[in-house]
Amino acid sequence: VQPTELLWFRGDCHIHSIYSDGEQTPPELAETARLLGLHFVATTDHNTTAAHHAWQQENIAQEFAVILGEEVTTPHGHWLALGLPPGHLVDWQYADVVGLHAQRDLVHDAGGICVVAHPYASYPSGTFAYSHVGFDAVEVWNGTWESDLPWQADNERALAHWARQLVVDVPAGRWTPAIGNSDTHLRSQMGLPHNVVAAERLNTDDLLTSIKAGRTWISAATTVDLSFMATFDDQCAQIGDELDTHGKSATVQATVHGVPFGTVTIHTDAGPIHSESLPGSGTCELSRPVPPTSTFVRAEVRSRTGHMAALSNPVILRDRRTPSQENL
């Protein structure tokens with residue numbers, strides 16, 4: 001059961017400054033994020049840590065955190081190294097999967113996490129050529145969902161791949177959490193989308209621990225809110241946590257705000273099991289049983305035009321009965 005003292009923090013983990021190809025300085029990015037209502041950002045300039053010093057010198061207001069990182073940009077795909085020590089540069093000039101694994105291991109050794117970035121982006125180096133196994137998260141939502149720009153990430157394809165992998169990986173006891181980021185280059189892109197992370201404290205270690213554990217959901221904007229949990233008897237599990245169902249049916253509860261005339265859909269390993277339209281107020285509460293054979297349950301909220309508005313990581317459903325208990 002998720003500890004009750006965890007708090008929800010909103011943050012964008014993929015932004016670019018003038019130190020690579022962004023239009024804003026670190027102080028300007030921080031101000032933009034705070035004005036939007038974000039609690040943290042991760043700096044991820046392409047193949048450079050030159051911005052780290054500027055971020056450290058920035059007088060960040062209280063209740064705002066900055067995660068130092070890098071977007072490792074190669075001809076065979078991009079990935080985010082988050083939680084780097086100041087000035088720790090990840091080498092992007094490796095030639096094969098062996099080199100990729102070596103650099104990924106160095107990030108882990110330094111206390112960071114590794115995230116596959118926009119795995120199906122349509123530009124030449126955007127598609128990720130290697131397996132996602134060994135990465136701590138995958139960016140299934142990059143930039144605004146509805147964008148028709150030719151260089152925009154293919155979010156529907158990334159989501160479909162992640163959803164298929166959940167069906168295989170969860171029963172095997174392993175799964176890769178999803179995150180979503182704006183990939184900000186322009187001021188107007190910040191926070192569209194961003195992650196809502198459950199953590200004990202607003203600092204790099206706690207935020208990265210929760211992202212790696214999947215205690216996150218993705219929001220199209222700070223005006224969208226989602227509460228999602230599964231219950232059985234007196235147990236309650238939040239997003240990213242596990243619930244022991246004893247082989248019986250759990251109940252899923254969801255509350256959505258800020259998506260007028262949208263649709264909330266509940267998914268399990270068997271696919272969508274329930275879909276409900278939201279009224280013009282954009283607010284909806286639902287409670288539905290989950291089939292007892294389900295291994296996970298998650299939520300998708302789409303706008304009236306069909307674009308994603310909120311996407312949760314799963315609640316994992318386990319049957320921990322022993323063989324003797326199953327016969328009772």
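This is a tour of one predicted protein model, stop by stop.

Residues are numbered from 1 along each chain as its sequence is written, and side-chain values use heavy atoms, with hydrogens and water left out. Because the model is predicted, local features need pLDDT of at least 70 and side-chain atom pairs count only at pLDDT 80 or more, while totals for chains, interfaces and linings use all residues.

**The whole chain**

Start with the whole protein chain in cartoon view. Its secondary structure comes to six helices and 19 strands; helices (H or I, at least four residues) and strands (E, at least two) are DSSP runs, numbered from the N terminus. The C-alpha atoms fill a box of roughly 60 × 45 × 40 Å along the principal axes. A compact globule of 328 residues would have a radius of gyration near 20 Å, and the protein chain, with 19 Å, agrees. That radius is taken over C-alpha atoms, and the globule rule is 2.2 Å times the number of residues to the power 0.38. Of the 328 residues, 55% are buried. Buried means under 20% relative accessible area, exposed over 50%, and partly exposed in between (1.4 Å probe, protein chains only).

**The nonpolar cores**

Next select W79 and V140, the residues with the most contacts inside the largest nonpolar core, which has 30 residues. Such a core is a set of buried Ala, Val, Leu, Ile, Met, Phe, Trp, Tyr and Cys residues joined through side-chain atoms within 4.5 Å. Then colour β4 (77-82), α3 (97-109), β5 (113-116), β6 (137-142), α4 (155-169) and β18 (308-312), each of which supplies at least two residues of this core. Helix α4 gives the most, with four residues. Another core, of 28 residues, lies apart from it; F232, V252, I266 and V290 are among its members.

**Rings**

Now show the aromatic side chains. Rings of Phe, Tyr and Trp (its six-membered ring) pair if their centres lie within 6.5 Å; planes under 30 degrees apart count as stacked, over 60 as edge-to-face and the rest as tilted. By this rule there are four aromatic pairs. Ring pairs link W79, F128, Y130 and F135 into a cluster.

Select R302, in strand β17 (residues 296-302). Its side chain makes a polar contact with the side chain of E156 (2.9 Å). A polar contact is a pair of N or O atoms within 3.5 Å; within protein, one must be able to donate a hydrogen and the other to accept it, and residues adjacent in sequence count only if both atoms are side-chain atoms.

Move to S219 in strand β9 (residues 216-219). S219 counts as buried because its relative accessibility is 0%. A polar atom of its side chain lies 3.4 Å from the backbone oxygen of V224.

Finish at N203, in the loop between β8 (194-199) and α5 (204-213). N203 is partly exposed, with a relative accessible area of 27%. Its side chain reaches the backbone nitrogen of D206 at 2.8 Å.
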